[in-house]
Amino acid sequence: MPEGPRGPWRPVREAFAAHGRAVVHSRWREWLPAGPGGHAVALGPAARGMLDDQDRRRLRTLPRPAARARFLASRLLLKHLVAAVSDTLPAAVCLAYEPGGRPYVAHPGAPGVEVSLSHTGDLLVAAVSRYGRIGVDVEPAGRPMRYADVGRRLCAPAEHAALAPLAEPERARALLRLWTLKEAYAKALGQGMRLAFAEFEFEAVVSRGGWRCAVSEVRGPFSSSGHLVSAVWRQHGCSVGGFGRELVEWPRRFGNNRMRADGGG
């Protein structure tokens, strides 16, 4: 967990060197000086100068100080992350955006590096991969997730079959995990909420599409119940239909095990 621009970045570089990807989380307040009472944030010229033109324009459209602070801090985190794994300076990292809003790195110092961002409340999450598309999503672990409210627009038929027999709150936890994974996948594709979640089964996307996924729970001074962080990435050199020896992390198995973890060594 980087505690602002100073990192520590060595574990991030080591993870990227070993696995070709890294996912980090940080509090946005670690990146910007707090104003009176710890609530307002001073967006000084040095920090704003790190933004690219498109981000400066976006910053000016955000009316609330907290929203501006989160936006600026998330871009600082992402630039420092890319700089840490590509041996360049954060100020040299140029971020651009696809038509759907998906960020990408547009400078020659990091050829082929893919990135993703997510945030909720005080927590920022950023990811980088050198092998292909990556997406991340973060949600409070205690977020209410009622099957009656979200099941129809979230679950494919096989997922309905797996989740419907479960009792609450187990089903709510399973729904939240599935929600964050599909969100992360949509971000990796650059589709966001335009992707119809109920029209694809996540297990089939992963097992037959050469994707990998991981779900972890982050605890800290962000909330009383922690957060779920999901990452979905395209696996380099993966043959369609197999996981190879990559460990896919799931925090639990549930239902009839249609959504289960396939192990590796």
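**Notebook: rings, charges and sheets**

The model is predicted: local features need pLDDT of at least 70, side-chain atom pairs count only at pLDDT 80 or more, and totals for chains, interfaces and linings use all residues. Residues are numbered from 1 along each chain as its sequence is written, and side-chain values use heavy atoms, with hydrogens and water left out.

**Entry: aromatic rings**

I searched the whole structure for aromatic pairs and found five. Rings of Phe, Tyr and Trp (its six-membered ring) pair if their centres lie within 6.5 Å; planes under 30 degrees apart count as stacked, over 60 as edge-to-face and the rest as tilted. Tryptophan 9 and tryptophan 31 have ring centres 6.5 Å apart and planes at 55°, so I noted a tilted pair. Both tryptophan 9 and tryptophan 31 are buried.

Phenylalanine 200 pairs with phenylalanine 197 edge-to-face, at 6.3 Å centre to centre and 80° between the planes. Phenylalanine 197 has 3% relative accessibility, so it counts as buried. I also found one aromatic cluster made of Trp179, Tyr185, Phe197, Phe200 and Trp211.

**Entry: charges over rings**

Which residue has its charged end over the ring of phenylalanine 200? It is lysine 182, 4.5 Å from the ring centre. The rule: NZ of Lys or CZ of Arg is within 6 Å of the ring centre and within 35 degrees of the ring normal. Arginine 130 lies over the face of phenylalanine 16, 5.1 Å from the ring centre.

**Entry: strands**

I traced an open sheet of three strands, ordered β1-β5-β4, with antiparallel pairing. Strands (E, at least two residues) and helices (H or I, at least four) are DSSP runs, numbered from the N terminus. Two strands pair if DSSP finds at least two bridges between them. The edge strands, β1 and β4 (114-120), each pair on one side only.

β1 and β5 (residues 123-129) are joined by seven bridges. Across that pairing, arginine 21 stands opposite serine 129 in β5. Helix α4 (residues 65-86) packs on the sheet and touches β1, β4 and β5 (contact: heavy atoms within 4.5 Å).

Next I checked strand β6 (residues 134-140). Six of its seven residues are buried, so β6 is largely enclosed by the rest of the structure. Seven bridges join β6 to the antiparallel strand β8 (residues 227-234). Isoleucine 134 stands opposite tryptophan 233 in β8.

Key:
Buried means under 20% relative accessible area, exposed over 50%, partly exposed in between (1.4 Å probe, protein chains only). Axes are lines fitted to C-alpha atoms, for helices over the stretch in contact, and angles run from 0 to 180 degrees between N-to-C directions.
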